[in-house]
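Keep the structure in view and look for each part as it comes up.

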Amino acid sequence: MSLENEHILLLLDSHASRADPSIWREFQKQQVDVLTFVPHSTHLCQPLDRGVFAVFKSELTNRFEAPSSSSSSSKRAAISDVLPQAIHIGLSPSVIQKAFACSGVLHNSSGPVLLKLPESSIYPFPSRRNRFNFYGKVITDENLFEKWENHLKTNIERKNEMDEKEKDEVKTVVDEKKKIKRKFQLVKNDDSDDEKKDHSLNRGEGKRIVIRRINSDFVFF
């Protein structure tokens, strides 16, 4: 059977690291449909959590026998002895099929899962006002791409406006500081000039200063 027109389904949680539509554009080109889970629902909807991981952890715990030595190397060796069998059982076709069925992914299997999900999200989302809501959606959908990219464009424009406003505010503060500094320098210079005058008048401290005019010039004695 030709796979040329076949699509692949990829299931993901809604972690913030997924918020880059350019990545999912590439998935779309490769005919991979990406579906994200609603936040705080992976324990009910994630097939790996419901089946493969659960069975793997259970088998690993049941088969593991604590070594007589308490050293880290002994524990690692004991775990590595039972890992292959635990992985083999966890990835068996029957476990995988059951995992997809109980997580509501397969056709006509979503009813029990939907009953367990809360009617509204426990935490409001998006958690940030400027974050695009891609939770619980097919994020390789063309209509979603258009809204997502417009949202990012708006955020960039808003950020640029805020940056320009911040630059203007910083420039205003700097200009005010320069004005204050100039005023302070002028006052300081005036004070320095007054000190020089006082010093010149009092350099004969303890003595009487006599000023006489000789040939239109003032002479200090």
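## The nonpolar core

Leu12, Trp24, Val32, Val34, Phe132, Phe134, Tyr135, Ile139, Leu144, Phe145 and Trp148 form the largest nonpolar core, with 11 residues in all. A nonpolar core here is a set of buried Ala, Val, Leu, Ile, Met, Phe, Trp, Tyr and Cys residues joined through side-chain atoms within 4.5 Å. Two or more of the core residues come from each of the elements β2 (32-36) and α7 (142-201). With three residues, α7 gives the largest share of this core. In soluble globular proteins, nonpolar side chains tend to be buried together.

A word on where this comes from: the model is predicted, so local features need pLDDT of at least 70 and side-chain atom pairs count only at pLDDT 80 or more, while totals for chains, interfaces and linings use all residues. Residues are numbered from 1 along each chain as its sequence is written, and side-chain values use heavy atoms, with hydrogens and water left out.

## The overall plan

The protein has seven helices and four strands. Helices (H or I, at least four residues) and strands (E, at least two) are DSSP runs, numbered from the N terminus. Starting at the N terminus, the order of elements is β-α-β-α-α-α-α-α-α-β-β.

How many of the 221 residues count as buried? The share is 18%, where buried means under 20% relative accessible area, exposed over 50%, and partly exposed in between (1.4 Å probe, protein chains only). Among contacts between residues at least 6 apart in sequence, 59% join residues at least 24 apart; a contact means heavy atoms within 4.5 Å.

## Around the core

Which residues does tryptophan 148 touch, not counting residues up to four places away in sequence? They are Arg18, Ala19, Asp20, Pro21, Trp24, Phe132, Phe134 and Ile139.

Arginine 18 sits in the loop between β1 (8-12) and α1. Setting aside neighbours within four places in sequence, arginine 18 is in contact with Leu12, Asp13, Trp24, Phe134 and Trp148. Its side chain also joins that of aspartate 13 in a polar contact of 2.7 Å. A polar contact is a pair of N or O atoms within 3.5 Å; within protein, one must be able to donate a hydrogen and the other to accept it, and residues adjacent in sequence count only if both atoms are side-chain atoms. Arginine 18 and isoleucine 139 are 121 residues apart in sequence, while their C-alpha atoms are 9.5 Å apart in space.

Glutamine 31 lies in the loop between α1 (21-29) and β2. Glutamine 31 has a positive phi of about 60 degrees although it is not a glycine. Most residues other than glycine have a negative phi.

## Helices that cross

Two packed helices are described by the angle between their axes and the distance between the axes. Axes are lines fitted to C-alpha atoms, for helices over the stretch in contact, and angles run from 0 to 180 degrees between N-to-C directions.

The axes of α3 (residues 47-63) and α5 come within 7 Å and cross at roughly 150 degrees. Pro47, Arg50, Gly51, Val52 and Val55 of α3 make this contact with Val95, Ile96, Ala99, Phe100 and Cys102 of α5.

For α3 and α4, the axes come within 8 Å and cross at roughly 145 degrees. Here Val52, Val55, Phe56, Glu59, Leu60 and Arg63 in α3 meet several residues of α4, including Ile79, Val82, Leu83 and Ile89.

| Residue | Relative accessibility | Class |
|---|---|---|
| Serine 92 | 18% | buried |
| Serine 74 | 21% | partly exposed |
| Glutamine 31 | 23% | partly exposed |
| Proline 84 | 53% | exposed |

Serine 92 is in the loop between α4 (72-90) and α5 (93-102). A polar atom of the serine 92 side chain lies 2.9 Å from the backbone oxygen of isoleucine 89.

Serine 74 belongs to helix α4, and its side chain joins that of serine 69 in a polar contact of 3.4 Å.

Proline 84 is also placed in helix α4. The C-alpha atoms of proline 84 and leucine 60 are separated by 9.4 Å, although these residues are 24 apart along the chain.
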